[in-house]
Amino acid sequence: MTTAHSISVNINGKTYSRDVEARMTLADFLRHEIGLTGTHLGCEHGVCGACTVLIDGRSARSCLTFAVQMNGRSLTTVEGLSVAGGLNPLQQAFQEHHGLQCGFCTSGILMSLTELLSDNPDPTEHDVREILTGHLCRCTGYAGPVRAALATAEQLKSIK
Amino acid sequence: MGSKNFGARVTRFEDVALVSGQGQYVDDIRIAGTLHAAFLRSPHGHARIKSIDTSAAQRCKGVHAVLTAADLPERMRKQRMPLLLPNATMATLRTQHSLAVDEVCYVGQALAIVVADSRYLAEDTLAAIEVDYEVLGAVSDVRAALADGAPRAHADLDSNVVSQFVMNYGDVDAAFASAPHVFREELWQHRGGGMAMETRGVLAQANVTTDSLTLWSSTQTPHIARRMLAEVLDVDLESIRIIAPDVGGGFGPKAIFYPEDAVVAHAARALGRPVKFIEDRREHFLCATQERDQYWNVEIAVDDDGNILGVRGDMLHDTGAFVPWGIIMPYIAGATMPGPYVVPAYHLACTVAFTNKVATTPVRGAGRPQAVFAMERLMDRVAHELKLDPADLRRRNYIRPEQMPYSVGLIFRDGKPLIYDSGDYPRGHDAALKLAGYADFPARQAAAKADGRFIGIGVASYVEGTGLGPFEGVTVRILPDGRVRVTSGATSQGQGTRTTLAQIVADRVGCRIEDVVVTIGDTAGIANGVGAFASRLAVNAGSSASIAGDHVRASILKMASRALGLPESEIDLEDGKAIGRGGNRPTVSFGELSRAAQGMPGFSMDADHPVGLEHTAYFTPAQASYCSGTHVVEVEVDVGTGAIKILNYSVAHDCGNVINPLIVDGQVQGGVAHGIGNALLEWMQYDENAQPLTTTFADYLLPMATDVPICAIAHVETPSPLNPIGVKGAGEGGTIPAAAAIIAAAENALSSFGVRFTETPLMPDRIVQALQRAGAYGEHVA
Amino acid sequence: MKPAPFDYHAPTSLDEAVALMSTLDNAKVIAGGQSLVAMMNFRYAMPDHLIDLGNIAGLSGLHFEAQTLRIGAMTRQRELEFSVPLANKVPLLKAALAHVGHRQTRNRGTLGGSLAHADPAAELPTACLALDAEIEIAGANGTRIVPMREFSAGFMTTALGYDEILLAVHLRPWANGHGYSFQEYARRHGDFAVAGAAVLLDANNDGVIERAAVALCGVTDRPVRRDEAEAVLVGRQLDDGAIARAASLAGDVEATADIHADATYRRHLARVLTTRALHEASSRMRTKKREIA
């Protein structure tokens, strides 16, 4: 039962080929096999959202996915958000609006908001809060992340 | 001297790494050769361990060690965890062994550790350990713990009572005897857990050559942990270094020293390999400490105008199976109850009893939410019975600002007389009411009623002792390159301690905030430390930073005066440079002065020349400093389902001088979210055998983004005279009165039905039950 | 919370998948994984074999015929949520989906997975029950069709044999102009329903109800159709009295007690939510029929 499966997966634009045990979760694969520790584990049962990444552009909980299922897929993690080594507008807005405190849930939230802003460039506060219900934050009371998301949407609209 | 950073909305420099996924939490730290631990945990609330057989487990794949208590060194096996806060009233000082020896007293108590090549393999191995238990009677409900013939939470103890103590002052019997009105309430309160998003974790690495030990731990208190670990392992304190890296939330439970950390450290030493233990969420529900049930039976005596004459009653506190932090929480609760009001006489008898659950230790609020709930429910009862407006009733009973400092008459948890140092409760009260549009609420309520909607408003006020001692030191050191290094025993689990300290120091020494480098949470960084809990760091570390910064400033000026040939009064410190006024503005940089303060090898320095450009200060507060505030909450109750929706949340918050409004507002908002959880969602349930029933995030409910509105926040700043920067703590005020205000609002929304609520959390089915009893549901259900 | 070891299989054809299910012991199918993997992480589920259906062509997608709709079992909930034709033809499904978990859940979760998992509080099985869906199942002996009423067999139990795979859901959309509503009470947004009511109504031009479906989720050990409630609705115009009677009958079921709610409260919710769902469905029906007219 420890048959290794060969997978080839694109993560943040770079292709990785690895052998993985079937039961290795995608979260553990990213963190320990690839060394991308920005994706965090808060519950391992699909509620807290800290492990959220994008699979082919779609938000997914990496604690509920096996690495072996990702063969041929294209993933984006929080490490893939930075632009030219600096913070992208959403990340900057999180700093500006105190969208994080301990930072543990933040990576996952950034991925979900990235998907939201891509699908819906003009979200309402309700839209943002609805997306945030896929995440638990114990520090901010959600005000900072909401403000940061709405501010980013405004900023991105004004750029266009 | 500038204060351009103190009080400014400075964004946090911690954030750059964190939003980029470059944070370093314990599980992110990778050392080659690390092994991974899992613990075998008791499935029973109370049982005797008859035997443990690890022979099959030791043969499992990838296993390096399987240890039980029997495998530990004798002294470590027999020693219980050091008790941090003993109290004379405690009948028993029972704390845990590192690994259970012959009895387990809560579901989740650890009996064995498996160390393997991976966490996956370690978990596989747990199933191979054979334990023969003799299940014993377990105590679950703390009220049952006091009954005659109740099972003993610990088989060898005669009683489940840990402590009985009284907090009192004044002649409460006389007050009640002559009072025109006496009202009584019986209240059940439950708090639940801190539930940080990052669970506990520790990575231990032993260095055999130097016989030393380094631990990275998701702890709020590395220096305390170091002392505890040294004692448990019986090693030299100086041989241990504990580092709290990035920590994903604390809220209290991570201030405790857990036995697992000692076992992991021991395993690292025994195996000569680094060992990492990352608690999973299920373990966190079982083993991370919590606050839980208190039963309050209290009454209030008032005159015809609602002026308080006295408060008395009793309180029963469930302390779980062990008392690592003594009886701090019920003590704090008892001392907090009089609150912002003039209470001429007070008597609260507290009983603390064991149950077979994980230990109860402080969670954000630390006993104060319960005290405030009790007091505020009594006040609302008075308002209801005497037909007074609840806000007016409070206002007429507040201690007035001119009465500060105000001696309550009790001894507080800091060991000092409970004296409120500063505060303006009426001003906070008025500010909150104004934010909330309280005066217009009756019209809003009537309009909603006409629409078939039930909305209500609730008010709650509190006083909170913060900035508890004994100290938190800070070293400020000018580095040879001119940057300013700040080191402290302070820690951060999200409260922005680094940025806050940088703000203070930059102002004091006269450098750019970008040039301040802050190191916290490392026992190697400073000799003495305490850590984060009880909203104490702004006061303690902030004051130490201010004092150390002033000393360094004085040294810089002295050296610059000599270097520039100018009197100190003609030198400004700005952006890391000492600049003379007038003329060609001669300048010397802090870096140059730092290098000069090293002297030259072999040469004598002048007698009073500073050695190294640095200072370490340990501010020691004389007593706690007292925050206060008022919350006003507007809710809507769905009479059909019992669901409560929070419409508006207004806070007036006095934490003295505000160092960083961005951070303080974040603490208030985050604290309120915990309070909403306490009021409406969070209930750690156990069955009658002390089996936990809520062990996942699907069963134990934390507030989501759709449950927590953005709070309107007004700051009232009454600086504390007890520290040089006039600050008070800000971490818990958002939580403390929240449940009281929310429950009051729900009751107000349903006032036409005459239902009253005396519990928290208040679940929707209880609301429906109450409405059913009140005959609210006719033939046609809404 | 790491899962126990298992062998992973990724068949590329249905036949291969069925063969694996028939020959392997303690094998489970993985669709979206949103329920299964959580249970595996807790080690509540410890299959020796996981058979991933995600690489089999033809298992997902919406196929509209004249009177029917076939939805492949592996269709992601997300695809259902954003399907415009589905929203037009079977608006009850879209209404139910609004309550299903969160964005991440629906990106990966599938219709078939939700039906096969059969959580009593799940919204999609309840909507399918109200719609009298027919479930297409593949096994070693070929395919068979099972009505949803039979498919839902007990607490987290379906009519699926241990070696069978849910292939597709067949629906007969109600006539254009019908009313629909999915009313749910959950403790927080996206949580499993403490109780929920799915309602479909259709009436003739005089407003006489000709067809009604009332299904509850979260109230008992499986989703339930409330035939008694439907019976008092059909054949008359809908008024407050009829709604109250129907709701009362709907709520008269033996209800589950658990840590979230007791039986009395669940029955109460069933009444309240059925009432609200009937009102909403009725209102939508009137609006829709006016639009058509």
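1. The interface of chain C with chain B draws on 20 residues of chain C and 25 residues of chain B, two residues being in contact if their C-beta atoms, placed from the backbone, lie within 7 Å. On the chain C side, α11 (240-250) and α12 (263-292) each contribute at least two residues, and α12(C) gives the most, with 6 residues. Helices (H or I, at least four residues) and strands (E, at least two) are DSSP runs, numbered from the N terminus. By class, the side of chain C that touches chain B holds 11 nonpolar, 3 polar and 6 charged residues; Ala, Val, Leu, Ile, Met, Phe, Trp, Tyr, Cys and Pro count as nonpolar, Asp, Glu, Lys and Arg as charged, and the others, Gly among them, as polar.

2. The model is a predicted one, in which local features need pLDDT of at least 70 and side-chain atom pairs count only at pLDDT 80 or more, while totals for chains, interfaces and linings use all residues. Residues are numbered from 1 along each chain as its sequence is written, and chains are lettered from A and ligands numbered from 1 in the order in which they are written.

3. The axes of α11(C) and α12(C) come within 8 Å and cross at roughly 140°; axes are lines fitted to C-alpha atoms, for helices over the stretch in contact, and angles run from 0 to 180 degrees between N-to-C directions. α11(C) is therefore oblique to α12(C), where angles under 35 degrees count as roughly parallel, over 145 as roughly antiparallel, 65 to 115 as roughly perpendicular and the rest as oblique. The crossing of α11(C) and α12(C) is right-handed, that is, the near helix is turned clockwise from the far one by less than a right angle. Among the residues making this contact are C:Ile243, C:Ala247 and C:Ala250 of α11(C), and C:Ala270, C:Thr274 and C:Leu278 of α12(C). The contact of α11(C) with α12(C) comprises 7 nonpolar, 4 polar and 1 charged residues.

4. Between chains A and B, the contact takes 41 residues from chain A and 41 residues from chain B. Elements giving two or more residues to the chain A side are α2 (89-96), α3 (106-119), α4 (125-132) and α5 (143-159) of chain A. The largest share, 4 residues, comes from α2(A). This side of chain A divides into 18 nonpolar, 17 polar and 6 charged residues.

5. Chain B contains an open sheet of 7 strands with mixed pairing, in the order β3-β5-β1-β13-β10-β11-β12; two strands pair if DSSP finds at least two bridges between them. β3 (63-68) and β12 (240-243) of chain B stand at the edges, each with a single partner strand, so one side of each lacks a neighbour in the sheet. Neighbouring strands are turned by 20° against each other on average, direction ignored. β3(B) and β5(B) (residues 110-116) run antiparallel and are joined by 5 bridges, with B:Val66 opposite B:Val114 in β5(B).

6. Two helices of chain B pack on this sheet. Helix α4(B) (residues 119-126) touches β1 (35-41), β3, β5 and β13 (275-278), and its direction makes about 30° with that of β1(B). Helix α7(B) (residues 222-233) touches β11 (212-217) and β12, and its direction makes about 145° with that of β12(B).

7. Chain B is assigned domain 1 (398-465 + 623-782) and domain 2 (469-619), with bounds from an automatic or database domain assignment. The centres of these domains, taken over C-alpha atoms, are separated by 40 Å. In the contact between them, 15 residues of domain 1 meet 16 residues of domain 2.
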